[in-house]
Amino acid sequence: MEPLFTDHIFLSRLQFALVTMFHIIWPVLTIGLAMYIFLTELVWVRTGRKEWYQQARFWSRFFPLIFAMGVISGIPLEFQFGTNWSLFSEATGGFLGQILSVEAMSGFLLESIFLYLMVAGWQRFSPQLHLFATGMVVLGSILSAFWIMVANSFMQTPRGGQVENGVFVVSDWFSAIFNPDLFSSFPHMLLACLTGTAFVLAGVAAWHLLRSLHTEFYLRVFKTMVAVGLFLALIQAGTGDLSGQNLSRYQPAKLAATEAFWDTNQAGQGAAWSIFAWPDVQNERNSVELRIPYVLSMLATHNPFGQVIGLKDIPRNERPPIVLIFYSFRVMVIIGMLMILAGTLAALAWRRGLFHPERIASNRKLLKFFIWLAPLSIVSIWAGWIMREVGRQPWVLYGMLRTKNMASPLTSEAVGLSLFIFIVAGLLLFGVFLFFARQILRKGPDNGTLPPESCVIRRPS
């Protein structure tokens with residue numbers, strides 16, 4: 001077995017993973033931030049209160065920057081299907097190529113067109129027309145997410161066709177698009193975008209509140225994101241439960257690896273869930289573990305005695321990397337629990353009257369908690385994505401096409417060089433983002449900003 005860093009397939013996988021992890025930040029923030037801008041603008045249109053207009057104007061300064069980061073990082077991501085995974089593109093291009101084209105011509109195009117109108121139209125359009133443009137940006141971003149998740153879900157649970165002579169031939173487009181994984185993964189990912197953005201904005205607001213900067217402005221952001229974030233985090237747990245049941249039904253190897261579950265439970269015996277374990281892959285056991293009886297059966301089947309397939313009943317060459325996805329899943333869950341805890345503590349502090357402009361800065365520990373949760377919310381999305389994608393291995397098209405057979409015939413030196421260039425370019429690009437984001441934050445909200453005279457909402461006296 002050749003060392004990993006001289007294996008061009010491993011390097012191609014690593015490159016795709018790192019570019020994806022960098023790229024995924026920006027669509028997540030695009031969807032969540034667009035929704036927040038739309039809601040604040042909607043409140044302004046409905047009430048005429050200028051503070052909500054100021055919220056929409058300030059956060060819309062970030063949106064083009066984040067959108068541009070998504071476009072720039074997304075282009076090399078899609079190019080890799082041709083450069084590093086040409087055999088996969090040839091095998092599945094009849095379906096995935098069409099889906100990605102639909103995404104570009106619907107969601108991305110809609111978002112791009114109305115983004116200009118949203119950014120440049122504040123003083124040109126009526127409030128209602130500008131709100132419509134912002135709503136179309138939200139719709140475009142959600143459409144893009146939908147079609148991307150269609151493509152990815154198809155790779156998880158391929159339906160609507162079969163592989164003939166190494167090529168997937170579609171016989172039922174409806175089944176291929178609306179495959180079993182889509183119904184749990186799309187809501188879960190959409191909620192992850194909204195929840196992650198809520199805690200990022202709450203963290204940015206907490207940082208300013210801790211320093212008593214623009215307190216009234218950021219307190220409004222903080223209150224809104226605390227309420228929304230707690231609500232969404234609780235719903236997210238429910239969609240995660242649905243995902244677990246789908247894994248049990250369609251991807252038992254991924255479920256068993258996620259839980260480091262080795263022995264299929266017998267009839268009348270519930271499967272235990274491991275809170276913590278250290279999987280010993282070589283000896284097919286957990287050298288250390290802390291388990292709760294019956295819980296895994298309940299999570300996977302909603303039956304305390306439901307059967308869960310163990311790893312020993314799955315051929316070794318069809319098992320995903322166990323340690324990585326076992327801990328990735330737990331990182332995601334722990335951060336999700338921290339989000340719920342933070343939201344609950346904030347709700348209690350709010351109820352006690354501590355969310356007053358003169359008192360909010362005294363909640364130092366709570367505000368620092370939210371500051372740390374801002375980057376951790378992105379880490380939780382990364383962890384979930386690692387569990388989802390690595391857990392599909394060794395299949396690139398689950399049960400049909402193996403990853404090792406789909407890579408382009410490249411040298412490890414060529415892939416290693418491009419990987420190095422992508423890492424350097426990503427770091428530089430992220431530095432550019434931080435520079436411009438810092439400039440926007442340093443300038444701060446203009447509390448004197450008023451709606452243009454032509455756009456002032458006039459209500460009957």
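Visitor: Where does Glu51 lie?

Guide: Glu51 lies in helix H2, where helices (H or I, at least four residues) and strands (E, at least two) are DSSP runs numbered from the N terminus. This is a predicted model, so local features need pLDDT of at least 70 and side-chain atom pairs count only at pLDDT 80 or more, while totals for chains, interfaces and linings use all residues. Residues are numbered from 1 along each chain as its sequence is written, and side-chain values use heavy atoms, with hydrogens and water left out.

Visitor: Is Glu51 buried or exposed?

Guide: Buried means under 20% relative accessible area, exposed over 50%, and partly exposed in between (1.4 Å probe, protein chains only). Glu51 counts as buried because its relative accessible area is 19%.

Visitor: Which side chain makes a polar contact with that of Glu51?

Guide: A polar contact is a pair of N or O atoms within 3.5 Å; within protein, one must be able to donate a hydrogen and the other to accept it, and residues adjacent in sequence count only if both atoms are side-chain atoms. Here the partner is the side chain of Arg49, at 2.7 Å.

Visitor: Where is Trp122 found, and what does its side chain reach?

Guide: Trp122 sits in the loop between helix H4 (86–120) and helix H5 (127–156), and its side chain reaches the backbone oxygen of Met118 at 3.3 Å. With a relative accessible area of 6%, Trp122 is buried. Its C-alpha is separated by 8.4 Å from that of Arg57, 65 residues apart along the chain.

Visitor: What caps the N-terminal end of H1, and what follows H1?

Guide: Asp7 is the cap, with a side-chain oxygen 3.0 Å from the backbone nitrogen of Ile9. Gly48 follows H1 and has a positive phi, near 75°.

Visitor: Which residues of H13 are buried?

Guide: An α-helix has 3.6 residues a turn, so residues three or four places apart point the same way. In H13 (residues 412–443), the buried residues are Ser412, Val415, Leu419, Gly426, Leu429, Phe433, Ala437 and Ile440. They pack against helix H1 (8–47), helix H2 (50–60) and helix H3 (62–83), contact meaning heavy atoms within 4.5 Å. Just after H13, Gly444 takes a positive phi of about 75°.

Key. Expected span 1.5 Å × (residues − 1).
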